[in-house]
Amino acid sequence: NEEACKKDTTKEWVDGKCVDKTEAGETCAVDGVGWIICPVASFLGKVTDGAYSMAESLLVFEVTNPFSTDAKLNPIYSLWSNIRNVANIAFVMAFFAVIFSQATSFGISAYGIRKMLPRIVAAAILVNLSYYLCVFAIDISNIIGAGLDGLIETLPKIEQQNEPDNWESLTSKLLAGGAALGVGAAVAVWATGTLFAFLAFSLLAIITAVAIFLARHVLLIMLIILSPLAFVAFILPGTEKLFDGWRKAFIAMLVMYPLVAVLFAGSQVASRVMLLTADQAGGDISWLYKLFSLAVLAIPL
């Protein structure tokens with residue numbers, strides 16, 4: 001009967017029959033233009049799901065074989081070591097400048113030498129450890145981001161009959177006339193238009209996020225490679241601004257993962273709440289809650 005069918009999470013009650021959910025969304029019911037709307041909408045739904053999964057995976061930045069010195073296994077370390085050698089040459093030149101100024105009393109003042117020497121010693125150590133410090137800081141960022149994500153995910157104790165639909169499955173259901181979601185014939189066309197608007201908005205937001213996360217990966221690689229020169233810039237007061245710029249950019253890239261992880265996890269919690277509301281609402285309005293439960297996943301992006 002209908003009540004038993006609705007209790008089965010793998011079934012849907014459609015036209016007086018109990019059918020599998022996959023079967024309920026197989027047929028497109030958009031008269032006249034279904035031949036073009038259905039494949040386009042289904043494709044957009046699939047792309048949106050894939051882009052969202054890619055965005056989540058791109059949050060984590062890991063250096064491949066971080067402790068390998070082989071250029072093929074760890075090209076980042078190989079490039080960093082070349083920059084480190086250049087930075088060490090700069091240190092030798094800085095020491096010669098200090099010795100020359102001390103011997104001839106020309107150039108750097110005695111006060112300037114006393115101020116530079118501690119910086120030179122500290123920077124000389126940091127330059128040769130900069131790669132490992134950067135990798136360690138990135139690991140800390142990954143741990144904090146994953147920890148916050150997991151913490152927020154475990155906060156709500158929401159029991160729901162159905163798992164959240166993805167864009168592809170919800171698209172197929174709405175295009176099939178929305179029978180599985182309780183959409184009446186009078187609102188089927190409007191539902192389809194709303195679906196396209198949500199798909200376009202969500203896809204644009206997710207693709208933008210993917211582009212930003214990819215740019216973050218590139219920036220982190222460049223910041224690691226250039227870290228020796230950044231610590232060299234720390235020595236002289238005239239180049240200290242370059243070190244500050246590197247430091248602020250690196251911290252911003254590290255903080256991005258925990259912040260976005262909170263947005264991702266928070267939006268998923270909100271999506272579950274809306275889906276629970278949809279299950280309770282039922283009727284013609286249920287599909288709208290389900291649509292919003294998916295859009296909420298993209299709104300923070």
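This is a predicted model: local features need pLDDT of at least 70, side-chain atom pairs count only at pLDDT 80 or more; totals for chains, interfaces and linings use all residues.

Student: Then why is Gln268 called buried?

Tutor: Its relative accessible area is 16%, and the cut-off is under 20%, so Gln268 counts as buried. Gln268 is found in helix α9.

Student: What is Gln268 in contact with, leaving aside its neighbours within four places in sequence?

Tutor: Tyr52, Glu56, Glu153 and Leu297. Contact here means heavy atoms within 4.5 Å.

Student: And Phe136, what makes that residue exposed?

Tutor: Phe136 comes out at 54% relative accessibility. Phe136 sits in helix α5, residues 110-154. As for Pro66, it is 70 residues away from Phe136 in sequence, with 9.9 Å between their C-alphas.

Student: How do you know that Arg247 and Asp244 meet in a salt bridge?

Tutor: The N to O distance between their side chains is 3.6 Å. The rule asks for a Lys or Arg side-chain nitrogen within 4 Å of an Asp or Glu carboxyl oxygen, so this pair qualifies. By that rule the count comes to one salt bridge.

Student: Where do Arg247 and Asp244 lie?

Tutor: Both are in helix α9, residues 240-281, three residues apart, which is about one turn of the helix.

Student: Why is Arg247 called partly exposed, and why Asp244?

Tutor: Arg247 has 33% and Asp244 has 24% relative accessibility.

Note on methods: Residues are numbered from 1 along each chain as its sequence is written. Side-chain values use heavy atoms; hydrogens and water are left out. Helices (H or I, at least four residues) and strands (E, at least two) are DSSP runs, numbered from the N terminus. Buried means under 20% relative accessible area, exposed over 50%, partly exposed in between (1.4 Å probe, protein chains only).
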